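Subject: Structure handover

Dear colleague,

I am passing on the structure below, and after it you will find notes on what turned up in it. Please read them alongside the view.

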Amino acid sequence: MAAKFSTISFVFFLLFQTSNCNESESSPLLFKIEGKVSVSKDRSRPTDWQSETSILVDSGAYKGFLKSDGTFVINNIPSGSYIVEVASANYLFDRFRVDINKGGKIRARQLNLLQPKAVHVVPYPLRFVASKPAPFFEIRETMKVTDFLFNPMVIMMVLPLIFVVIMPKMMSMADPEAQKEMQEQMGKYNQPQIPELSEMFSNMFAGGAEKKRTKPSLASSDRGPAKRSTKRPR
């Protein structure tokens, strides 16, 4: 009986070990992500900022909380690539990407969505430092002198005045011959290119009257001199 009991117990032990091995092979290995969050000590820092801050992995797929000293540990995370960020209502933090291979090796790098191929490795465990307080209100813009000077309307008014003041000085500094040439050119440009209406109408009507007067003379000249009759009187 003792021999049978020992053999039966040995068989059950083997079955139990094989079942544990199968479960360990079927279930993936789980790892943990750990780090620390720190905030600068100032008067605006709330006293209970640890309780209001949480750690999010892949936008909340895994979540962790801070201890009193600012450290955190998130367990039961399988191998893969994750984005770890700090959720805080008072401060802004940088985000990191954590890569965990099947062997349990962990690599952390800064998250750069604009340049995904750029790799900047950071030390692990993670260390989050508040970059700046979270802005809730926009600072009201103040009036500046440059805003007035670079106004398009002001520029349109000031530039012609500058040319009016500078051009005479430039003309006075030029040679007399150059001044004469410039005056002649300006005189040519200042001459009216469009004739006056009175002159235009007078030329039109005067030209028409002259044409009417010259028509008979032109007709007579075309006919030539009048022929004399060669018939003798009876």
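In which sense do strand S2 and strand S5 pair, and over how many bridges? This is a predicted model, in which local features need pLDDT of at least 70 and side-chain atom pairs count only at pLDDT 80 or more, while totals for chains, interfaces and linings use all residues. Residues are numbered from 1 along each chain as its sequence is written, and side-chain values use heavy atoms, with hydrogens and water left out.

Strand S2 (residues 54-57) and strand S5 (residues 80-87) pair in the antiparallel sense over four bridges, where strands are DSSP runs (E, at least two residues) numbered from the N terminus, and two strands pair if DSSP finds at least two bridges between them. Within this pairing, isoleucine 55 stands opposite valine 86 of S5. S5 also pairs with strand S7 (residues 96-100), again in the antiparallel sense, over five bridges, and tyrosine 82 has valine 98 in S7 as its bridge partner.

Elsewhere, three strands form an open sheet of mixed pairing, in the order S4-S1-S10. Strand S4 (71-78) and strand S10 (126-129) each have a single partner strand and stand at the edges, so one side of each is left without a neighbour in the sheet. Strand S1 (residues 30-38) pairs with S10 in the parallel sense over four bridges, and glycine 35 stands opposite leucine 126 in S10.
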